[in-house]
Amino acid sequence: GGEDLIFPHHENEIAQSEAVNGVPFAKYWMHNAFLNIDNKKMSKSAGNFFTVRDIAGKYDLQVLRFFMLSAHYRSPLNFSADLMEAAKNGLERIRTCAKQMNELIAASNASDEVSGQEKEMLNELQNFTTRFDEAMEDDFNTADAISVIFELVKFININIKNINNRKVFEEFNNELTKLSDICGLILTQKEDILEEEIENLIEERQNARKEKNFKRADEIRDELLNRGIVLEDTREGVKWKKA
């Protein structure tokens, strides 16, 4: 509940419930700080009042969840378009890592042999779980817990180039998914379906590059970027995402 309702509302709820039932009302009651809009207290009278439904019209609710988890629940939380965009980018970074893991799992060697270097990497994974648990047990410090997830993403991105074993990729992916699940973060996204025209442009760009017509290839890349489609040339082929 909100910290402004501790007295008298929540204290009265405890008194009434325990008087009627004769048992403790709750072991923990968490009180969150105020939500500000552009550094001003949110209120209907000030005209800066938003409902969750209003926000859902502009952002994926997973972004809103990630935004709220990025601060300690007892700290005042400031809502702004810039901070929501930052939360969107942060969540996208984690989701991109998870997507890459799934792609590498599908394309990697299924050998059971794990190298000495890979074993060291797997041993380091437990440190992330330990630090994540410590953060969550420290008065539900989700801000520090999210920081651990970001460090895990960095660890994965640095080390994946030295891995060829599917088992190791799976362990990395399981660790990232496990910690994200605890926070209620869904890393899998529905695959977007490109319009036929855009698909044709991507194919045309590939043909232009084969024919060394780099001017046309760059023109197509810029045109797609203007449409909100970002192309990434990788060893596995051309990948795309929405800007």
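Me: Which residues does Ile6 touch, not counting residues up to four places away in sequence?
Reply: This is a predicted model, in which local features need pLDDT of at least 70 and side-chain atom pairs count only at pLDDT 80 or more, while totals for chains, interfaces and linings use all residues. Residues are numbered from 1 along each chain as its sequence is written, and side-chain values use heavy atoms, with hydrogens and water left out. Ile6 is found in helix 1 (residues 6–21), helices being DSSP runs of H or I with at least four residues and strands runs of E with at least two, numbered from the N terminus. Leaving out residues up to four places away in sequence, Ile6 has contacts (heavy atoms within 4.5 Å) with Glu11 and His31.

Me: How far apart in space are Ile6 and Trp29, C-alpha to C-alpha?
Reply: Ile6 is partly exposed, at 32% relative accessible area; buried means under 20%, exposed over 50% and partly exposed in between, with a 1.4 Å probe and protein chains only. In sequence, 23 residues separate Ile6 from Trp29. From C-alpha to C-alpha, the two are apart in space by 9.6 Å.

Me: What is the angle between the planes of Phe50 and Phe79?
Reply: Rings of Phe, Tyr and Trp (its six-membered ring) pair if their centres lie within 6.5 Å, with planes under 30 degrees apart counted as stacked, over 60 as edge-to-face and the rest as tilted. Phe50 lies in the loop between strand 2 (40–41) and helix 2 (52–56) and Phe79 in strand 3, so their pair ties together parts 29 residues apart in sequence. Phe50 is partly exposed, at 34%, whereas Phe79 is buried, at 11%. The pair is tilted, with centres 6.0 Å apart and an angle between the planes of 40°.

Me: How is the pair of Phe128 and Phe155 classed?
Reply: Phe128 lies in helix 5 and Phe155 in helix 6, so this pair ties together parts 27 residues apart in sequence. Phe128 is buried, at 8% relative accessible area, and Phe155 counts as buried at 11%. The ring centres are 5.3 Å apart and the planes at 50°, so the pair is tilted.
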